[in-house]
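My notes follow in the order in which I took them.

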Amino acid sequence: MTDRVTLTIDGKQVTVPAGMLVVDAAKKVAVHIPIFCYHPKLGSAAMCRQCLVEVGRPIIDHATGHPELEDGFPRIQFSAKLETACTTLVSEGMVVLTQSERARKGQKEVLEFLLTSHPLDCPICDKGGECPLQNLTMAHGPGKSRFLFDEKHHAEKQVPLGELIFLDRERCIQCGRCVRFQENVAGEPVIGFYQRGRSMDIVSFSEPGFDSVFSGNTTDICPVGALTTADFRFGARPWELMAAASICSQCAVGCNTTLNTRREARSDGQIVVKRVMPRQNEQVNELWICDKGRFAGYHYTERDDRLLKPQVRRDDKFRSVSWDAAFLQAAEKLQDAEKPVFLVSGRLSNEDLFNLLQLADGLGAETLLYTNMGGGDLTGMVGLTSGSNLADLGLGDVILVVASDLQEEAPLWWLRIKQAAERGAMLIVVNPRETKLEKHADYVVRYAYGDEIKTIQDMNKATHKIHKVFAKAANAVIFYGSEGLGLEGSSGLAGACTSLLVDTGHYARPNNGLVGVWQRANDQGAWELGFRPVKDLQVIFDKSEVVYIVGADPVGDGAVRLKKRKPFMIVQELLSTDTVGHADLVLPARAFTEREGTYTSGERRVQRFYQAVPPRGESRPDYEIVAEIAARLDTALEREPGLVMDQLAEHIPAFGGISYLKVSEVVEQWPVINRSELFYGGAVYENTQGLGMQLRPAPVTSFPVSKGKGGLRPKEGLLLAVPVNKLYDQGLTVLSAPLLRERIGELKVCMNPDEADRLGFENGARLRIGLNGNNAKALLVVDPTVPSGILLVPRSMGLPIFEAGMPVLSKVRKKVTG
Amino acid sequence: MNFSRSMVLVSSDPESVRRGADEIYALFEKEIAARDMEGEISISRLTDTGRPDAAPIVVIYPEAVVYGPVNAENVKEIVEEHLYKGRVAEHLLAPTRELSGRIGWLKTRKGTLPAEKRIVLRRAGRIDPENIEEYIAEDGYQALAKALTGMKATEVIDVLKESGLQGRGGAGFPTGLKWSFVAGTQSEKKYVVCNADESEPGTFKDRVILEGDPLAIIEAMTIAGYAVGADEGFVYVRGEYKLAQNRLENAVKQAREYGLLGKNIMDTAFSFDIHIHSGAGAYICGEETALLESIEGKRGEPRSRPPYPTTEGLWGKPTLVNNVETLANVPPILLNGGQWYRQFGTPSSPGTKVYTILGNVNFTGLIEVPMGITLREVVNIYGQGMKDGATFKLAQTGGSSGSVIPASLQDTPMDFESFRKAGVSLGSGALLICDENTCVVDLALVLQKFFKFESCGKCTPCRVGTGRIHEILTGIVEGRGTLKDMENLDYLVDSLTRISNCGLGQTASVPINDVLKYFRPELEAHIKLGVCPCGVCPMSAPVKEPAAVA
Ligand SMILES: Cc1cc2nc3c(=O)[nH]c(=O)nc-3n(C[C@H](O)[C@H](O)[C@H](O)COP(=O)(O)O)c2cc1C
Ligand code: SF4
Ligand code: SF4
Ligand code: SF4
Ligand code: FES
């Protein structure tokens with residue numbers, strides 16, 4: 001048997017791999033067979049029967065084993081019944097007719113059946129305008145229904161499956177896509193079919209309802225308006241929307257998105273973002289995004305406390321000033337200081353960071369990265385390189401995830417790694433407590449908090465099973481996080497991971513290397529450009545004259561405590577943070593939705609986002625603000641982001657070859673998604689604005705020896721507070737999304753049942769936690785998966801945990817309150 | 001029930017009764033008992049002779065000898081001469097030339113109409129189903145021994161092919177051919193599955209086999225395993241059949257103990273084991289691919305075909321799925337040969353068939369008769385006539401997916417081929433006999449309600465279409481029917497058959513199709529005249545539009 005077969009579809013010849021479905025083969029030659037239940041990522045369900053086609057196969061002469069000929073052409077036998085294109089496999093010499101009278105009749109009849117039990121409330125349906133059922137009815141449907149039923153199918157119209165997703169039971173055509181997505185793609189079967197026949201309904205089995213961080217995707221692939229997001233419901237009509245390509249700014253995965261915008265009266269005639277949609281990038285997020293990206297993707301940029309004008313502090317009050325005055329003051333202050341300090345974060349784009357770097361160079365300033373996770377110097381050296389795609393990992397490859405609760409920290413990586421494991425890649429999860437990824441792991445290694453570095457170092461002994469697995473693997477990738485670790489601990493962990501990769505030869509080639517599970521979209525970019533964190537920010541603040549803080553809130557996070565003598569603080573920000581409250585000069589920056597730029601994802605992929613909405617107030621893009629200040633210091637910096645990138649590519653070797661042109665290139669992706677047809681891939685946007693480009697492998701000759709301690713260990717009689725990352729935290733970005741408020745909930749800390757017993761606490765007890773001088777109320781969750789001696793405290797949930805540079809873990813004083 | 005070598009039929013139409021038929025019937029019973037022949041000879045009543053002038057008549061099978069008019073004095077002689085000595089009492093014969101018309105069929109059946117011929121039910125009720133030794137004592141496991149020790153796998157299949165056995169689960173697919181499909185696949189792993197889900201309303205033939213002779217199924221599956229190259233089997237038993245399940249479990253246990261299941265059966269290289277799986281309760285789980293899904297632990301929904309289970313069945317492996325009754329035929333066929341089997345039934349449909357008779361007849365219950373007998377025979381002989389002298393109007397075969405068979409097809413031999421030619425279906429073995437008081441529209445409505453309820457909902461045409469048909473029929477019986485409804489019914493019947501995914505949707509419209517075909521006037525009466533000729537339908541809802549007359 002050959003591995004490719006040639007067949008004819010509506011007269012067009014196509015050669016495709018054996019084992020392909022007719023519906024997909026047709027797509028290859030732009031024959032769009034109507035479908036509802038099939039989806040290229042979900043496989044066949046053969047439920048709707050919309051894809052009926054005529055299939056003929058050559059008659060094989062049993063004596064010769066060759067097709068029988070008639071006038072020199074193979075004789076074709078058409079099957080007696082129409083076949084479903086979504087289940088029929090291609091075969092050599094097959095003839096498929098999708099438009100024959102018989103096929104069209106079948107398709108038309110199925111459509112008519114669907115319509116007779118469909119409410120046809122298109123005028124008030126959110127899907128109206130981007131609805132496959134509507135489109136197919138126009139294209140294939142009967143002009144007029146033969147059935148005039150007084151008894152239309154009636155069912156409940158607004159059933160919350162949770163607070164995020166609503167179900168309209170009348171509109172559901174029982175295609176099962178949503179159920180199959182949750183089961184097969186998300187691996188969280190929290191919804192399902194209930195009952196049989198026409199009374200078959202989608203129900204949610206979980207508490208809270210539809211408890212999955214991927215739930216929003218079901219609304220994109222639902223072929224009718226049965227599933228809608230609480231976010232967009234009744235928000236706008238699809239045809240009024242404009243679309244701008246963007247990149248999710250919520251984590252280091254860098255999902256490709258499309259921001260749909262509209263000018264609306266409710267926002268004073270402003271153009272505003274109405275929803276976040278996934279944009280296809282098969283190397284990054286395929287057709288999906290997580291609910292954080294969808295429901296909290298842009299809301300923070302629309303907060304009322306956005307900074308709109310430059311301000312200076314005069315007599316302890318803020319006064320608005322002109323940009324000119326602000327630039328001038330910033331330039332003077334920076335120039336006058338002995339050694340100014342630039343404190344920047346991974347929220348900024350590559351262009352912003354590069355201009356900052358240039359300015360700092362000119363001034364001889366110290367540049368600092370605001371983060372409490374280390375190891376980026378190593379991911380720059382042994383991280384993923386151009387040509388890497390997690391979708392390529394499978395049988396024979398190994399993926400190790402350490403110190404990270406990946407679904408909470410980078411949902412799409414979680415998803416892609418789960419899929420790689422399903423394709424046969426060996427998945428090793430190394431974590432001090434249970435996480436959702438473990439269900440898909442081949443090996444789970446548990447260690448005690450504090451032992452993370454040692455655990456990985458042990459694995460790298462030649463006799464260790466995991467070392468052997470790595471040595472044998474074709475490709476190996478390690479994802480490391482910072483669960484329970486601070487800057488030093490995570491740097492040490494990255495070092496240990498690097499040794500394992502280097503010793504087993506897994507670096508500097510595609511699909512091999514180290515990935516940091518960073519908290520911000522462009523942390524990797526900042527490291528690549530040379531920004532580095534310091535152990536102790538407090539010391540810096542105590543001694544410096546001028547600090548230029550861009551995109552960071554060290555005061556709000558409790559990372560520094562401002563004393564009587566404090567440096568002159570230039571704060572460039574989006575929102576009125578605590579740091580802004582103590583600033584001397586405030587420079588309002590634009591949100592990523594209001595400007596252009598690029599982020600470098602954790603996979604070292606440079607991806608471009610575009611402007612979607614007009615800027616607020618007088619805000620300016622960060623790179624431009626920096627260039628203006630530089631101009632006042634006689635340094636010429638580029639103000640066009642594309643040109644900044646050109647400069648960047650010239651100066652930073654890893655970025656060599658990268659340009660806006662390059663990152664905007666697209667090649668045809670499979671499956672072929674097409675917004676003009678909608679039934680094949682769903683409402684997901686096709687990618688016409690760029691698939692991004694990965695950084696080069698860095699030429700490395702030697703690696704820093706991994707040293708450093710892990711995190712702290714619990715001590716007798718004391719609880720060790722361990723910071724963990726939550727997807728839905730009380731960070732400003734999530735908190736600004738009204739929809740997610742229920743999911744965020746209050747501060748919940750977790751401890752082991754034995755520990756709770758010992759201390760006399762019950763599950764659900766309200767505690768007051770004292771941690772390094774900060775106090776907060778919290779709800780106690782008793783959880784047997786938490787090791788003893790440990791108190792899990794989510795990050796960004798109202799209880800600052802000092803981390804950047806400080807001894808990471810602190811002791812807890814506990815007091816029960818009423 | 002035992003084998004009967006002869007069957008005595010006493011006419012019991014009103015005229016015969018007036019002339020003392022009941023007395024004659026009682027005398028036959030008495031005389032037969034007096035000679036200790038009850039075990040060999042059965043007595044039944046016969047209606048519908050069409051010859052009141054020759055009444056009462058007595059017909060004796062298998063010779064199809066007709067006596068008449070018979071009086072009380074003749075009985076003793078007939079018993080003595082014909083039944084005991086085997087000589088026809090010539091002088092009592094009814095004048096043959098007068099045997100035309102409605103009882104002409106009697107003569108044509110000469111020699112082909114024995115009393116019940118029991119093959120699959122031969123042990124049921126006669127042995128202790130929980131004791132493997134009794135099974136073995138009654139030929140049990142001889143067929144397997146014969147296959148394992150003296151036959152190649154292909155030879156086993158050849159015998160089956162020769163016998164002409166067809167599937168008894170409803171579709172009548174040639175069993176030998178199906179086995180050869182599975183045998184012909186290249187796979188390390190194959191399965192044999194027995195479909196014991198029996199959930200057609202009114203059908204309980206499989207249950208009687210399972211409860212009365214469970215080891216026959218175990219043995220047959222083992223033979224199948226050997227023939228197709230499988231080493232594992234599943235019996236999927238309807239959830240409600242608790243007794244059958246227990247007996248199967250027990251049978252499997254005993255077979256294992258006797259080395260007839262498990263590793264190296266009968267000390268040969270062949271190994272085979274069987275699991276008993278309790279069904280999930282839905283009708284659709286009887287459909288073979290839904291059944292496989294259900295065994296795999298998924299929601300019982302039919303798969304789309306191709307691929308067929310014979311190439312990709314349970315867990316993607318080639319799988320043989322056979323009905324209980326089909327399998328029960330296998331050991332006797334192997335033991336006695338394909339030709340032996342062909343002596344029963346018709347050339348195109350050899351063998352016997354087990355029916356459950358229901359409805360307005362005097363006898364309801366289970367019979368096993370050769371293929372090819374007619375509905376008239378079933379009603380008049382085995383059913384012992386319509387109750388209270390009512391007139392036969394229709395029969396509904398095979399539970400719900402069966403056909404509605406009008407009186408005009410009463411004399412069509414009940415075999416796969418003849419029925420197929422007549423455009424009706426034999427179904428799974430239920431026969432619901434209805435008299436003139438049965439309204440076909442009402443009957444169709446009841447059946448349609450069943451389909452609407454049992455449609456698994458997976459595919460659009462059936463999910464929506466079954467509901468639509470039900471809705472239309474409801475409208476008609478409530479007096480809201482319009483001529484447009486007829487058109488829509490025609491359309492739905494055609495469409496459902498053509499584009500539904502599985503057998504349920506494809507046959508859900510069979511009853512209504514038959515009604516449209518054979519009882520159209522009655523349906524039209526509901527619509528055009530607004531009356532139910534049988535007075536069954538409510539017709540109460542106000543007529544919405546003045547009845548249009550075409
Ligand atoms: C809706 C539906 C229900 C069925 N139910 C049964 C059943 O209860 N028992 C059965 O043996 N076959 C049933 N069948 C037929 C099976 O799909 C299959 O044809 C049969 O088990 C094959 O066995 P056979 O070849 O021995 O007849 C059903 C088919 C359909 C479409
Ligand atoms: S809700 Fe949408 S996706 Fe889910 S089964 Fe219904 S129509 Fe399909
Ligand atoms: S996985 Fe990360 S990048 Fe992707 S949508 Fe979610 S938060 Fe955004
Ligand atoms: S035809 Fe009916 S029973 Fe069969 S798959 Fe379709 S909906 Fe289910
Ligand atoms: S059956 Fe093929 S797309 Fe639904």
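**Sheet in chain A**

I began with the sheet in chain A, where five strands form an open sheet in the order 23-22-21-24-25 with parallel pairing. The model is a predicted one. I then looked up the edges: they are taken by strand 23 (443–445) and strand 25 (513–516) of chain A, and each has a single partner strand, so one side of each is left without a neighbour in the sheet. For the twist I noted an average of 15 degrees from one strand to the next.

Next I took one pair from this order. Strand 21 (residues 398–402) and strand 24 (residues 476–480) of chain A run parallel and are joined by five bridges. I looked up A:V401 and found that its bridge partner in strand 24 of chain A is A:F479.

**Ligand 1**

Which residues come nearest to ligand 1? I found 23 residues around ligand 1, of which B:G167, B:G169, B:G286, B:N323 and B:G503 come nearest. Two elements of chain B give two or more residues to this shell, namely strand 8 (319–323) and helix 20 (503–507). Strand 8 of chain B supplies the largest share, three residues.

I also sorted the shell around ligand 1 by class and wrote down six nonpolar, 10 polar and seven charged residues.

Technical notes. Residues are numbered from 1 along each chain as its sequence is written. Chains are lettered from A and ligands numbered from 1 in the order in which they are written. This is a predicted model: local features need pLDDT of at least 70, side-chain atom pairs count only at pLDDT 80 or more; totals for chains, interfaces and linings use all residues. A residue is near a molecule or strand if its C-beta atom, placed from the backbone, lies within 6 Å of it. Helices (H or I, at least four residues) and strands (E, at least two) are DSSP runs, numbered from the N terminus. Ala, Val, Leu, Ile, Met, Phe, Trp, Tyr, Cys and Pro count as nonpolar, Asp, Glu, Lys and Arg as charged, and the others, Gly among them, as polar. Two strands pair if DSSP finds at least two bridges between them. Axes are lines fitted to C-alpha atoms, for helices over the stretch in contact, and angles run from 0 to 180 degrees between N-to-C directions.
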